[in-house]
Amino acid sequence: MKNATITVSLLALALGAGCSKQEPQKAADKGKAVPAAAAAVEVKIGHVGPLTGGIAHLGKDNENGARLAVEEANAKKPQIDGKEVKFVFIGEDDQADPKVGTTVAQKLVDAKVVGVVGHLNSGTSIPASPIYSQAGIPVISGSATNPKLTEQGFKTQFRVVGRDDQQGPAIAQYLAENNKPKTVAVIDDATAYGEGIANEVEKTLKAAKVSVLPREKGTDKTTDWKAILTKLRGRKPDAVFYGGMDATGGPLIKQGRELGIKAVFAFGDGACTDEMAKLAGASAEGLLCSQAGLPVEAADKKFLEAYKKRFNADPILYSPFTYDATNILIAAMEKANSSDPAKYLPEVAKIDFNGVTGKIAFDEKGDRKDAEMTIFTMKGGKITPVAVIKSGKTTKWEEFMKR
Amino acid sequence: MDTLLQQLVNGLTAGSVYAVVALGYTMVYGIIQLINFAHGEVVMIGAMVAFSIINLLVPSGLPPLVIVLIGTGCAVPICMLVGYAMERLAYRPLRHAPRLAPLITAIGVSIILQHLAMLVWSRNVLAFPQIIQSRTYFFGGAAITSVQIAILAICLALMAGLAILVYRTPLGTAMRATAQNAQVAGLMGIDINRVIAITFVIGAGLGAIAGVLFGTYYGIAQYTMGSVLGLKAFSAAVLGGIGNIPGAMLGGVLLGLVEALGAGYIGDFTDLCTWGLPLAACEAGGHFILMGSNYQDVFAFIVLILVLVLRPQGLLGERVGDRA
């Protein structure tokens with residue numbers, strides 16, 4: 001009996017390989033005609049990220065993670081509702097452009113994908129999310145960190161990476177625990193991002209009984225920070241936090257050191273880049289900064305090896321997350337025993353999954369519960385992880401890697 | 001006291017760069033009554049060219065100072081060329097047109113230069129290579145870096161050099177004569193076109209140096225950096241009396257000081273809690289600050305408005321009825 005199933009499904013696979021558009025339909029009909037025999041049904045999973053433009057390498061990395069998950073799943077000859085299925089991977093390019101993002105989302109909906117992994121950017125994910133929501137297709141982002149993405153109330157939107165507003169508390173907590181400052185100066189660049197993260201930092205520091213100086217503000221184009229820094233120098237803070245991007249954060253720390261400020265400088269992910277070392281030179285050494293999620297080397301070893309073997313390159317940034325996101329879609333389908341988005345969507349929402357980035361479960365908004373935040377320091381011109389913060393608990397990087 | 005002294009040092013450094021840029025505005029205005037709004041972009045191009053050359057030379061292992069000098073040495077002639085081309089192609093054909101036409105052209109030239117720079121050097125903020133290890137010295141609690149000292153010295157030398165050129169050489173005499181009355185100067189045998197072109201070229205050369213100074217001081221360069229810098233320098237020129245060379249120098253330094261002191265103290269002055277108002281935010285040592293130091297850039301323009309309202313001819317300018 002079992003042998004017969006395998007033979008028929010292999011036959012169907014061979015037929016399907018010739019002309020993928022029509023054969024599966026016939027194969028499915030055959031499956032009906034011949035009772036107790038299954039046929040490979042095609043289940044389409046989409047992935048969206050920028051494959052052209054300035055961050056194309058990150059988009060390709062994300063896509064590789066999802067592709068690897070699909071290929072591994074297919075190798076196991078998965079069965080859903082008694083029928084063998086073949087997952088078909090559709091990779092789309094949104095050029096990191098919100099307008100293209102919505103076009104591509106509609107294209108995937110029209111192609112009848114049952115689930116989407118992506119997009120890479122918050123800027124493209126947010127406008128695309130209502131399109132998926134309307135079509136009832138679950139979408140899991142592995143890298144979009146803007147809080148707004150899951151605040152829109154769409155039941156179909158999930159993410160396996162942390163949110164920006166979990167980052168502020170994390171870096172503030174690390175600063176308070178590790179550097180034990182008495183007084184902290186908080187500066188922001190008067191943008192939604194900068195002000196938001198600075199507010200979270202201030203809240204967490206005040207809760208930790210650290211005194212915070214009155215907020216200083218620049219703009220996202222400020223180049224001369226000396227007036228602000230001179231004023232702060234007179235008040236002798238032990239640490240300075242800046243909510244803003246690297247283009248303004250680099251000059252900030254450089255000018256701070258020139259003025260002889262010895263305080264620790266801390267930043268959010270906008271200024272958590274190697275670019276800081278170029279902009280500020282030696283002044284950038286020793287800065288602290290945070291990123292949502294985990295550095296790629298923290299992912300499961302098996303994944304890192306499989307990725308390297310398949311793509312002949314090392315994972316760059318978020319591919320472990322898109323790998324997990326894809327596996328969650330597949331696991332939910334298997335659990336619901338259906339590839340119908342309406343039927344397996346509830347399974348995604350209540351999934352309890354052990355991925356290569358750790359344990360994954362979603363809260364009611366679709367955000368990952370207990371997402372990790374990583375704290376970095378600048379060492380020899382490169383940002384280097386020093387600690388991981390998860391649900392308010394700090395783990396030193398070396399210990400975290402031993403787990 | 002430390003803080004005040006430091007703010008003065010900061011203001012003086014920024015102000016002397018403004019002064020050198022302001023010279024470019026004031027020289028051109030003095031000679032043909034044109035506000036060359038594209039001057040800020042010339043400064044930007046100076047910084048960008050130096051950026052490219054320095055980046056190119058860093059791997060060569062030459063001493064950092066030599067690299068920066070070569071970078072400046074390339075930026076100056078290129079900017080002079082841009083200045084000359086600008087005058088020859090955009091302004092000379094319009095010399096006898098109504099006032100408004102060259103003014104609008106200046107804005108057009110500025111947009112063109114900005115976008116050309118965007119095509120060449122991308123939209124990104126470029127990190128100026130940090131090759132000069134700046135040492136910090138302390139004087140009575142105020143920190144001053146070797147780069148700041150160099151900027152002050154270079155700006156002072158440029159201003160002195162220009163003053164000698166304008167007031168002590170035959171070329172300077174020709175420039176002043178053209179400024180007073182171009183037609184009569186022409187009748188006296190002065191080649192007006194040449195004098196005007198030279199004025200543009202000198203202004204552009206000064207702008208190029210200012211661009212390099214700005215880039216090394218702040219460590220960044222971007223294709224948009226010229227517009228705000230240009231507007232501030234223009235305000236400085238107006239403050240000192242546009243068309244007046246010592247006025248531009250004074251205006252630049254004053255503007256830098258006003259900005260530094262303004263940004264440094266506005267937060268304290270507009271903190272309603274220090275005024276003793278019974279606000280909820282003030283409880284437990286809280287603050288309610290109306291205007292923070294992000295209003296730094298506003299001061300240059302407040303100064304511009306105040307000057308135009310109260311003393312349109314500027315600090316050192318003479319009241320001239322027929323010149324706006």
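What percentage of the 403 residues of chain A count as buried? The share is 56%. This is a predicted model, and the account below takes its two chains in turn.

**Chain A**

Chain A holds 14 helices and 17 strands. Its C-alpha trace spans about 85 × 45 × 35 Å along the principal axes. The radius of gyration is 24 Å. A compact globule of 403 residues would have a value near 22 Å, so chain A agrees with that expectation. Contacts also reach along the sequence. Take those between residues at least 6 apart: 67% of them join residues at least 24 apart.

Chain A is divided into two parts, domain 1 and domain 2. Each is built from two stretches of sequence: 40-161 and 296-360 make domain 1, while 165-292 and 372-402 make domain 2. The centres of the two domains, taken over C-alpha atoms, lie 32 Å from each other. Five residues of domain 1 of chain A and five residues of domain 2 of chain A form the contact. On the domain 1 side, three of these residues are nonpolar and two are polar. No charged residue takes part on that side.

**Chain B**

Chain B has 324 residues, and 49% of them count as buried. Its secondary structure comes to 11 helices and four strands. The radius of gyration of chain B is 21 Å, close to the 20 Å of the globule rule, so chain B is as compact as a globular protein of its length. Of the contacts in chain B with a separation of 6 or more, 77% are between residues 24 or more positions apart. The C-alpha trace spans about 75 × 55 × 40 Å along its principal axes.

The overall values for the chains can be set out together.

| Chain | Residues | Buried |
|---|---|---|
| Chain A | 403 residues | 56% |
| Chain B | 324 residues | 49% |

**A helix pair in chain B**

How do two packed helices get described? By the angle between their axes and the distance between the axes. In chain B, helix 9 (residues 225-240) packs with helix 11 (residues 296-310) at an angle of about 35°, and the axes are 9 Å apart. The crossing of helix 9 of chain B past helix 11 of chain B is left-handed. Helix 9 of chain B contributes V228(B), K232(B), S235(B), V238(B) and L239(B) to the contact. From helix 11 of chain B come D297(B), A300(B), F301(B), V303(B), L304(B) and V307(B). By class, the contact between these helices of chain B has eight nonpolar residues, one polar and two charged.

Terms used:
Residues numbered from 1 in each chain as written. Chains lettered and ligands numbered in written order. Predicted model: local features only at pLDDT ≥ 70, side-chain atom pairs only at ≥ 80, totals over all residues. Axes fitted to C-alpha atoms, helices over the stretch in contact; angles between N-to-C directions. Helix = DSSP H or I, 4+ residues; strand = E, 2+ residues; numbered from the N terminus. Left-handed = near helix turned anticlockwise from the far one by under 90°. Contact = placed C-beta atoms within 7 Å. Nonpolar A, V, L, I, M, F, W, Y, C, P; charged D, E, K, R; others polar. Domains from an automatic or database assignment. Rg over C-alpha atoms; globule rule 2.2 N^0.38 Å. Buried ≥ 20, exposed ≤ 12 C-beta atoms within 10 Å, placed from the backbone.
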